[in-house]
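Please keep the structure in view while reading.

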Amino acid sequence: MRKATAVPVLALLLVTGCSAANAEVEAKPSSPPASAEPSEETVAEDTEEQSCLKLLGADSQGPLNRMISVVRIGGGTSGVEMSAADARPLHEEVLAITENASTDMAPLLKELSSATENVIMQAEDPSRAWMFNAAVWTAAATELQTRCEPYVAAK
C-alpha cells in the first residue's frame, strides 16, 4: 500500500473503527512515523499581518491598544488599572491571538498578557506578590506596536 492510500485508510479506521480497514492496514508494512509528514491537525500560523490586524482591532480599539492604555508604569512602580473581571476577557483575547501567532510573535504576545495575568492571579490569591517586569513588558509592547504599525493603514 502506498503512502497516499495508507493515510485515508488510517483515517477511516480512526473515524469509523472499520475492522476491514484495520485488517488491511495490519497486513501491509507500517508507514514512516507521522512526525515525518505534516499533520492536518496542525493549526496554521497566522501571518504577522493577520496577528497584527487581530491585535489592532476595529478602529484601533483592539487588545494591543486596550492593554497599553490600562498599564501604568512610573516612579519605580507598575500596575494595571482594571479589575480582574475586566482583565480576564482581555487576557483571554491576547492568549487566543498568541495560539495562532508566528513563533517570533508569540513570546511578545505572552509578555503583553503578563500584565492582565498578574491582575487575575492577585485576585485569586491576594497575598501573591506582583510579578510584573515593567521593562520587559514595555519592550514587548513597543515591539508589537512597531511591527503592527504598517498594518494600521491597511485596515
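## The chain as a whole

The model is predicted. Its chain has 155 residues, and 30% of them count as buried. The secondary structure comes to eight helices and two strands. Along the sequence these elements follow the pattern α-α-α-α-β-β-α-α-α-α.

The accessible surface of the chain is about 9,500 Å². Carbon and sulfur atoms hold 56% of that surface. Among contacts with a separation of 6 or more, 66% are between residues 24 or more positions apart.

| Helix pair | Angle between axes | Distance between axes |
|---|---|---|
| α3 (residues 48-56) and α8 (residues 134-152) | about 95° | 9 Å |
| α4 (residues 63-70) and α8 | roughly 145° | within 11 Å |
| α5 and α7 | about 135° | 9 Å |

Helices α3 and α8 pack at an angle of about 95°. That makes α3 roughly perpendicular to α8. On the α3 side, the contact is formed by Glu48, Glu49, Cys52, Leu53, Leu55 and Leu56, which meet Leu144, Arg147, Cys148, Tyr151 and Val152 of α8. Sorted by class, this contact has eight nonpolar residues, three charged residues and no polar ones.

Helix α8 also takes part in the second pair, where its axis and that of α4 cross at roughly 145°. The crossing of α4 past α8 is left-handed. Here Leu64, Met67 and Ile68 of α4 meet Trp137, Ala141, Leu144 and Gln145 of α8. The residues of this contact divide into six nonpolar, one polar and no charged.

From α5, the contact uses Ala84, Ala87, Arg88, Leu90 and His91; from α7, it uses Thr116, Glu117, Val119, Ile120, Ala123 and Glu124. By class there are six nonpolar, two polar and three charged residues.

## The buried side of α7

Which residues of α7 are buried? In this helix (residues 114-124), they are Ser114, Ala115, Thr116, Asn118, Val119 and Ile120. The buried residues of α7 pack against several elements: the helices α4, α5, α6 (106-112) and α8, and the strands β1 (71-74) and β2 (77-80).

## Single residues

Histidine 91 lies in helix α5. Is histidine 91 buried or exposed? Its relative accessible area is 9%, so histidine 91 is buried. Leaving out residues up to four places away in sequence, histidine 91 touches Ser113, Thr116, Glu117 and Ile120. Histidine 91 and methionine 67 are 24 residues apart in sequence, and their C-alpha atoms are 8.9 Å apart.

With a relative accessibility of 14%, threonine 98 counts as buried. Beyond residues up to four places away in sequence, threonine 98 touches Ala106, Leu109 and Lys110.

Aspartate 46 is in the loop between α2 (19-27) and α3. How far apart in space are aspartate 46 and threonine 98, C-alpha to C-alpha? The distance is 9.4 Å, although aspartate 46 and threonine 98 are 52 residues apart in sequence. Aspartate 46 has a relative accessible area of 12% and is therefore buried. Again not counting residues up to four places away in sequence, aspartate 46 touches Ser51, Lys54, Asn100 and Ser102.

Alanine 58 is in the loop between α3 and α4. Why does alanine 58 count as exposed? Alanine 58 is exposed because its relative accessible area is 62%, and exposed means over 50%. Alanine 58 and valine 152 are 94 residues apart along the chain, and their C-alpha atoms are separated by 9.9 Å.

Methods. Residues numbered from 1 in each chain as written. Predicted model: local features only at pLDDT ≥ 70, side-chain atom pairs only at ≥ 80, totals over all residues. Heavy atoms only, no water. Axes fitted to C-alpha atoms, helices over the stretch in contact; angles between N-to-C directions. Helix = DSSP H or I, 4+ residues; strand = E, 2+ residues; numbered from the N terminus. Parallel < 35°, antiparallel > 145°, perpendicular 65-115°, else oblique. Contact = heavy atoms within 4.5 Å. Nonpolar A, V, L, I, M, F, W, Y, C, P; charged D, E, K, R; others polar. Left-handed = near helix turned anticlockwise from the far one by under 90°. Buried < 20%, exposed > 50% of the residue type's maximum accessible area, 1.4 Å probe, protein only. Areas by Shrake-Rupley, 256 points an atom, 1.4 Å probe, with all protein chains shown as cover.
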